[in-house]
Amino acid sequence: MRFLVSWSFLVLLQLTVSLNQRHFRKLSKSHEARTESLTILLRTIANDYFSNCTLNVIYDSAYELIYPINFSLYFKDNSLPIIQETVDFSSGGRVREKIVEKCTNYFVFLGDLQAIKYIVAQDTKSKIVIISTETPWEVKDFLKSHLSKNYLNLLIMAYSASSRNDGSYLLYTHKLYAEGSGSTQPMLLSSWINNNLTIRDVNLFPEKLTKGFMGHRLLVSAAENPPFTIKKPLLGSDDSNWDGIEIRLLKLSAKYLNFTIEFTDARTSAYSPIDAVKRDVLLGLTSAAVGGIYLTQELSESFDATIPHVEDCAAFISLASTAIPKYRAILGPFQLSVWLLLCAAYFVLIIPLSFNSNYTILSLFKHPSGLNNMFWFVFSTYTNSFVVENPLLNYGIAKNSITILLETILQSHYHYFKKSIKFLGIYWIFTIIVTACYTGSIVAFITLPVYPSAIESAAEFLAYRYRIGTLDHNGWENWFNVNTTDDPLLQSLFRKMEYLPTLLEGVHNASRAYFWPYAFLASKTSLEYIIQTDFAPTWSTKRTLMHVSDECFVRYNVVQLFPAKSLYTKSMNGFVARATETGLLNKIINDIEWEMQRVAMMTKKQITKSISKKIKVEDRELTVEDTQGMFLILGSGFLMAMLALAFESLYSYFKKRNIKKDSVSEMEGTDWMTESQVMGSWIYGKDAFPGIRWRPARRSV
């Protein structure tokens with residue numbers, strides 16, 4: 001009996017060992033087939049989809065315990081640069097340190113799909129392949145979760161427990177925004193059986209969101225910054241209607257990409273509206289932000305930004321004039337250098353004229369009245385309007401030379417000259433040309449406006465000692481600061497920089513700068529908008545036209561903000577690029593400008609962006625403003641004559657007073673004759689008393 005039991009135990013033991021050996025051989029064969037199939041599949045994906053990018057291979061320690069990974073076998077003949085990492089989640093989930101690479105794709109061996117959030121952060125550019133030990137049902141549940149939406153190009157490989165094929169895999173991805181609620185749906189792409197895909201030419205990383213966002217609602221934070229975003233309050237309601245370049249662009253993209261859009265004010269508080277909408281996106285309160293936001297290096301590190309849709313720049317706004325005042329018409333035709341040359345020519349002409357005149361050079365200096373006569377004679381030949389006494393002679397050493405200069409004009413004025421004209425009057429030709437140029441220029445100056453040159457560059461603002469102001473928020477206080485530049489010119493210009501809270505205050509300061517010049521530095525697009533909607537030029541005086549400099553001080557690109565690695569970025573980039581190429585964006589900008597100009601015409605505001613160079617042709621009579629120059633000269637002449645008369649009166653008064661005083665003093669110091677002396681003078685004559693002054697007697701009528 002004991003022998004029978006022992007024999008039965010040995011037989012059972014031998015049978016168990018045989019079954020275990022057979023099962024081990026089967027498992028070993030299945031593992032080899034699975035490893036070989038996975039190796040071919042990974043090589044196929046790497047060669048077809050991961051070219052020219054770094055391959056990051058990450059192992060989960062739990063996965064490696066169940067299925068040992070032969071790294072040299074999987075990537076033996078791979079030519080891509082590879083980074084290999086092992087992650088242990090036994091001590092709890094922790095975020096892996098980010099490896100900064102321009103182009104990185106991932107092979108991740110995971111036992112738990114939820115652990116992907118600790119390995120790869122939200123990514124919409126990289127291609128991620130997850131080799132999972134979980135069942136297809138668990139894979140589908142993961143693809144339906146909100147976590148899977150963080151990865152745009154996602155491929156999950158689940159092992160298929162098939163009795164016929166040990167090395168078969170199911171390849172899954174997801175369909176984003178399958179419904180208006182934003183949910184995702186799992187999608188089976190193909191199966192890997194017998195080292196081949198069951199569906200030929202299938203794209204394992206298909207294009208996502210081709211049908212848009214299925215009516216999903218996009219909440220956008222908007223900061224009021226015309227003309228990019230314009231907030232218009234609705235009458236009788238607390239709500240507002242949003243308009244502007246970026247608002248219209250987003251509304252147009254909503255129709256194209258099949259999503260609904262809602263605009264809201266900033267839901268958080270910050271120092272400026274733009275900082276507030278950035279904070280909304282950063283905290284996840286809204287999905288996008290607009291409001292004339294400039295693309296900077298700091299911005300691109302924290303957010304996703306679309307490609308630029310408007311090119312803006314920092315420009316100066318200052319007070320300008322539409323035309324030079326008309327009283328300058330008298331001096332306007334000639335520059336100062338021309339006037340100096342003309343005066344020198346006419347004064348120098350007195351010297352040769354003195355050789356054949358009643359005067360000499362020495363006499364002109366001794367008797368300035370002669371210089372006065374010569375000057376008015378020369379001036380009369382210049383104006384051809386009146387005749388003065390001719391100081392020239394018909395004889396002398398300079399008679400022929402003077403004839404060459406003046407004979408023609410003198411013959412026309414003085415018909416009593418007996419000598420015939422033999423030489424050409426060179427001075428007459430010179431005078432006629434100068435007079436024609438002067439009178440013609442005065443006519444053109446009065447009828448056609450002369451535009452003064454506007455200040456454009458920073459060097460000109462510094463040369464004319466302008467005070468500069470800019471905004472104290474949205475980065476302007478950091479970009480334009482004396483401490484943030486090494487340029488000596490900018491350091492001098494920004495030395496007394498004034499920082500203001502609003503754009504309107506800066507434009508007001510520039511418009512009121514009459515005694516101390518002032519320029520405000522801000523967005524050129526915003527400045528052009530505000531001067532067309534809020535400032536009316538004084539066309540009667542033409543002294544309050546605001547001028548925005550044509551020279552861009554610094555160029556900026558206006559973008560729309562989305563959260564980092566957002567799913568909307570790629571789709572919006574494609575739409576903005578297409579809108580720019582087809583001209584839709586230019587149409588939006590032109591429509592906004594036309595509405596601004598239409599309102600400006602209705603409210604008599606400034607329409608032109610800068611000083612217009614177009615000549616307005618109109619038939620009109622000359623006004624007092626056109627002729628104010630001649631009246632100004634007449635008034636100044638009267639004033640000088642009155643002053644001269646006052647000086648002459650004072651001189652005559654004091655001269656007579658001094659003569660009267662001298663007469664009285666002489667009379668007091670003179671000894672007059674007595675009656676006996678007078679009688680003696682009759683007898684002996686005046687010589688009898690030589691020391692006595694004789695005064696003739698007045699005859700009575």
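## Two crossing helices

Helix α17 (residues 503-511) and helix α18 (residues 524-534) have axes that come within 11 Å and cross at roughly 70°. The angle therefore makes α17 roughly perpendicular to α18, a term covering 65 to 115 degrees. Axes are lines fitted to C-alpha atoms, for helices over the stretch in contact, with angles from 0 to 180 degrees between N-to-C directions. Helices here are DSSP runs (H or I) of at least four residues, and strands (E) of at least two, numbered from the N terminus.

From α17, Leu503, Leu504 and Val507 meet Ser526, Leu527, Ile530, Ile531 and Asp534 of α18; contact means heavy atoms within 4.5 Å.

## Basis of the model

This is a predicted model, in which local features need pLDDT of at least 70 and side-chain atom pairs count only at pLDDT 80 or more, whereas totals for chains, interfaces and linings use all residues. Residues are numbered from 1 along each chain as its sequence is written, and side-chain values use heavy atoms, leaving out hydrogens and water.

## The chain as a whole

The protein chain contains 22 helices and 20 strands. Of its 701 residues, 40% are buried, that is, under 20% relative accessible area, with exposed meaning over 50% and partly exposed in between (1.4 Å probe, protein chains only).

## Lys127 and its surroundings

Lys127 lies in strand β4 (residues 123-132). With a relative accessible area of 23%, Lys127 is partly exposed. Leaving aside residues up to four places away in sequence, Lys127 touches Tyr49, Phe50, Thr104, Asn105, Tyr106, Asn153 and Phe205. Lys127 and Phe205 are 78 residues apart along the chain, yet their C-alpha atoms are separated by 7.8 Å.

Conventions. Angles under 35 degrees count as roughly parallel, over 145 as roughly antiparallel, 65 to 115 as roughly perpendicular and the rest as oblique.
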